[in-house]
Amino acid sequence: MTNPVISATGLWTPPHSISNAELVASYNAWADIWNRENEAEIKSGLMDPKTHSSVEFIEKASGIKSRFVIDKAGVIDPDIMAPRIPERPNEQISVLAEMAVLAARDAMQAAGRKPEEIGAVICAASNMQRAYPAMAIEVQQALGIEGFAFDMNVACSSATFGIQTAADFVRAGHAKSVLMVNPEICSGHLNFTDRDSHFIFGDVATAVLIENEAMAPAAHWKILGTKLKTQFSNNIRNNFGFLNRAAPDGVGAPDKLFLQEGRKVFREVVPMVAEMIGEHMGELGLTPEGLRRMWLHQANANMNRLISAKVLGREAAEDDSPTVLDTYANTSSAGSIIAFHKHSGDFKPGERGLICSFGAGYSAGTVFVERTG
Ligand code: CO8
């Protein structure tokens with residue numbers, strides 16, 4: 001048996017950011033147009049008017065202040081309300097793979113890793129651009145990696161499920177080094193005309209190199225243990241699939257875009273995740289006092305505060321459980337990896353932390369790590 005470790009992480013952030021004020025202004029303009037167009041039905045009581053969204057509500061309910069997106073112009077245009085990303089010819093790399101490659105290069109550079117030393121690529125994300133060929137194989141080709149590659153989707157938990165899968169490959173000797181990427185174009189699946197969720201998501205790509213300890217750089221992260229859990233729930237859904245299609249702008253087909261019972265998700269997922277972290281910590285002989293930091297899935301700041309407090313048995317400070325929600329919003333599978341990437345540089349050898357994801361399915365994953373070197 002060989003020891004899998006995390007050698008490095010990488011991040012690619014889109015160049016365009018949308019503030020809450022900009023997003024709310026476009027939603028409110030769209031709602032006013034919709035109300036004008038449906039004036040007769042609204043007056044006769046057949047339809048309810050659309051009410052305005054609010055910057056204050058968004059920040060208080062979620063902790064989100066802005067989000068990065070691939071296409072800002074389409075999202076904030078009240079006549080479009082969706083990203084407009086031109087289709088590319090088959091000869092050109094897809095947008096999703098391109099983002100993944102940029103994050104992957106960042107991770108490979110940090111680890112000093114050459115493509116020929118990597119044996120497998122996993123693309124683990126909520127939102128795949130197409131069914132096949134796999135995005136992971138496109139990334140593999142673009143980087144010049146040999147071996148094998150495939151896509152996997154466990155919604156917001158895709159990255160921790162990807163880390164465990166990669167760690168198992170390293171342990172079993174199927175690959176010495178596995179590149180796991182999480183490109184997320186969440187804006188493509190978000191209904192920007194749904195006031196309850198139009199503010200939640202952003203776009204980004206992250207990458208993690210999971211490798212045999214023998215080839216890892218001296219400063220790396222030991223993987224102390226991984227644990228995965230799923231439990232069916234209808235509370236977060238997206239029914240888009242090959243048997244049905246959304247209208248180009250999503251309007252009129254809300255169940256083919258992201259849809260959730262946010263309150264129920266909040267109530268049910270917080271205890272499920274806190275309990276899972278406690279159980280896994282006990283199985284590994286770890287204690288909350290021995291945990292320097294938690295890099296939690298970035299869905300909602302209040303949710304993360306509650307989960308952290310349940311695990312630690314006290315109020316958590318920003319240093320215990322940092323958030324990137326204010327600038328990135330919810331980036332699905334990439335969220336906990338962005339938090340880890342940006343807020344782990346101050347760790348000393350021997351210090352321990354937790355990468356934790358949770359989301360649709362329901363699904364949840366915990367990865368306990370220890371800094372070395
Ligand atoms: N502006 C003003 N008011 C609003 C707005 C708005 N934008 N939205 C809702 N309100 C109003 C509501 O109408 C309601 O009014 P009333 O009390 O009169 O009925 C009031 O504000 C309160 O609404 P809610 O109860 O909905 O508000 P909450 O406090 O519950 O906050 C949240 C809403 C932020 C959604 C919160 O419930 C939450 O974060 N829940 C957890 C969500 C979560 O973690 N989901 C996981 C999703 S990620 C995942 O796994 C899927 C990945 C797939 C990626 C897909 C990419 C698109």
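Predicted model: local features only at pLDDT ≥ 70, side-chain atom pairs only at ≥ 80, totals over all residues.
Me: Let's start with helices. At what angle do α1 and α3 pack?
Reply: Helix α1, residues 20–37, packs on helix α3, residues 55–62, at about 125°. Their axes are 9 Å apart. That angle makes α1 oblique to α3.

Me: Why give both an angle and a distance?
Reply: Because two packed helices are described by the angle between their axes and the distance between the axes.

Me: OK. Which residues of α1 and α3 meet?
Reply: From α1 you have N20, A21 and V24, and from α3 there are V55, I58 and E59. By class, that contact has 4 nonpolar residues, 1 polar and 1 charged.

Me: And is the α1 and α3 crossing left-handed or right-handed?
Reply: α1 passes α3 in a right-handed crossing.

Me: Next pair. How do α5 and α6 cross?
Reply: Helix α5 covers residues 95–111 and helix α6 covers 135–143. Their axes cross at roughly 55° and come within 9 Å. So α5 and α6 are oblique to each other, and their crossing is right-handed.

Me: Which residues make that contact?
Reply: On the α5 side, look for L96, A97, A100, V101, A104, R105 and M108. On the α6 side, find M135, E138, V139, A142 and L143.

Me: What about α8 and α9, where do their residues run and how do they cross?
Reply: α8 is residues 262–283 and α9 is residues 301–312. The axes come within 9 Å and cross at roughly 35°. α8 passes α9 in a right-handed crossing.

Me: Which residues of α8 and α9 meet?
Reply: V265, F266, V269, V270, V273, A274, I277 and M281 come from α8. They meet N302, M303, L306, I307, K310 and V311 of α9. The residues of this contact divide into 12 nonpolar, 1 polar and 1 charged.

Me: Switching to the ligand. How many residues surround it?
Reply: 29 residues surround the ligand. The closest are C156, R195, Q260, N300 and A360.

Me: What does the backbone of S54 do there?
Reply: A polar backbone atom of S54 is 3.1 Å from a nitrogen atom of the ligand. G262 has a backbone N or O atom 3.0 Å from a nitrogen atom of the ligand.

Me: And D196, which part of that residue lies 3.4 Å from a ligand nitrogen atom?
Reply: For D196, a polar side-chain atom lies 3.4 Å from a nitrogen atom of the ligand.

Me: Last topic, the backbone. Is the peptide bond from Y132 to P133 cis or trans?
Reply: That bond is cis, with omega near 0°. P133 lies in the loop between β4 (120–124) and α6.

Me: What about the bond from G361 to Y362, cis or trans?
Reply: The bond from G361 to Y362 is cis, with omega near -10°. You'll find Y362 in the loop between β12 (352–359) and β13 (363–371).

Me: And what's the phi of A155?
Reply: Phi of A155 is near 50°, which is a positive value in a residue other than glycine.

Me: Where is A155 found?
Reply: Look in the loop between β5 (148–152) and α7 (158–172), and you'll find A155.

Methods: Residues numbered from 1 in each chain as written. Heavy atoms only, no water. Axes fitted to C-alpha atoms, helices over the stretch in contact; angles between N-to-C directions. Helix = DSSP H or I, 4+ residues; strand = E, 2+ residues; numbered from the N terminus. Parallel < 35°, antiparallel > 145°, perpendicular 65-115°, else oblique. Left-handed = near helix turned anticlockwise from the far one by under 90°. Contact = heavy atoms within 4.5 Å. Nonpolar A, V, L, I, M, F, W, Y, C, P; charged D, E, K, R; others polar. Near = heavy atom within 4 Å. Polar contact = N/O pair within 3.5 Å; in protein donor to acceptor, adjacent residues only side chain to side chain.
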